[in-house]
Amino acid sequence: MSNCSGGIRFVFESLTNYATLTCNKTPLTPLDYLKSEWRSRITRFISDGSDIVITGQLDKVYAISGFALTRHNLSGSSAVKFELLLNDDVVYSPEKEAANILIPMGQFRWGIDVWGGETDKNKPFSRFFNSALCNSFRLTISALNTSPIDIDQLIIGDAITLDYNFDYGNTLKNNNGIAYKRTHGGSAIAVGSRAKWRELVLPFNNLTERDRRILFAEEQKLNGRSLFVSPFPLADELSLTADYSMTAKLNISEFNHAYHKNWTHQITLIED
C-alpha cells in the first residue's frame, strides 16, 4: 500500500477493468469506454446541469490510493468528487474539487489567451491519497457550463511510490507523426499523421533493492498494457502535474547494478 507523501506515483494496472459500471444518466457512447486505452473511445454525456454520478462495483476488495481521468474537457467551473466504499460504507470521501484552473495572472497572455481560459483541458486530472480498502467507488461530476461532457479513460488503483524519487535530467518531449518534405520550389510541407503524443524519460540514480524488485516485477507484467504515471503529483503548480502525467506504454526499461545494494534505472514512456 502507498501513502500520500513523497514523489512519483505509478499505477501499473487500472482496477476499473474489474468493475461493473453504472450511471444515473445514460451517456451517448458506451459507459465501458471508461475502461479503454483508445483515445477514440470517449464516454460522452449531454449535461442538463445536474450531477453525473458514475458507480463502479468491484469484483472483490482492493486497496486503492488514487484515481485519474486521463483526458477530459471539463471547465474551471466543473467539479469532481471521487469516493471509496466498503460494503456500502464510505471509507474515503474528500470535498469536491475544481476539475480545471483558470490561467493565473502572471501567466495569462493578453491578446493571445482566451479570457477565462483553462490551463489543463484534455490533460489528466489525478489525485492520490492514503490507501483504503474498498469494493466499490463513486465518481461525481458537476459540470454546469460544459456540454457535451467528454471523459476518456478512468484509472483507479493502488499507486506505487519509491524510496527515492527520479533525478534531474528527466526529459519530456512533444512528438507528432508529421514528416516534412520539400516542394520543387523549396518550401517545407507537413505530411503524415497529425496525431500528438508525449514521451517521458525518467532516470532513477538511487534505486533500493525493494524498489528494484517492485519495478522489475510490475514492468514485466505490463506486456504491452498501459500504465499511469504522475511524476509531480503534489506540485504547487497544477499545470506541472498535468503536463507530466499520462497513460503510457513502457518503451525502454534498463536496470544497472551501480554498487552494493543500489541500482540505477531509466525508463522511456510513450503516451497512449
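Start by selecting helix H1, residues 209-222: H1 lies across S1, strand S12 (188-207), strand S13 (227-230), S14 and S15, with contact meaning heavy atoms within 4.5 Å. H1 runs at about 140° to S14; axes are lines fitted to C-alpha atoms, for helices over the stretch in contact, and angles go from 0 to 180 degrees between N-to-C directions. Helices (H or I, at least four residues) and strands (E, at least two) are DSSP runs, numbered from the N terminus.

A word on what you're looking at: this is a predicted model, where local features need pLDDT of at least 70, side-chain atom pairs count only at pLDDT 80 or more, and totals for chains, interfaces and linings use all residues. Residues are numbered from 1 along each chain as its sequence is written, and side-chain values use heavy atoms, with hydrogens and water left out.

Next, colour the sheet. Its 6 strands run in the order S1-S13-S14-S15-S12-S11, open and antiparallel; strands pair if DSSP finds at least two bridges between them. At the edges sit S1 (9-11) and S11 (171-182), each pairing on one side only. Neighbouring strands of this sheet are turned by 30° against each other on average, direction ignored.

Now pick S14 (246-259) and S15 (262-271), an antiparallel pair with 10 bridges. Click Glu 254: its bridge partner in S15 is Gln 266.

Finally, zoom out to the protein chain, with its 2 helices and 15 strands. The C-alpha trace spans about 60 × 50 × 35 Å along its principal axes. Buried residues (under 20% relative accessible area, 1.4 Å probe, protein chains only) make up 46% of the 272 residues.

Terms used. Buried < 20%, exposed > 50% of the residue type's maximum accessible area, 1.4 Å probe, protein only.
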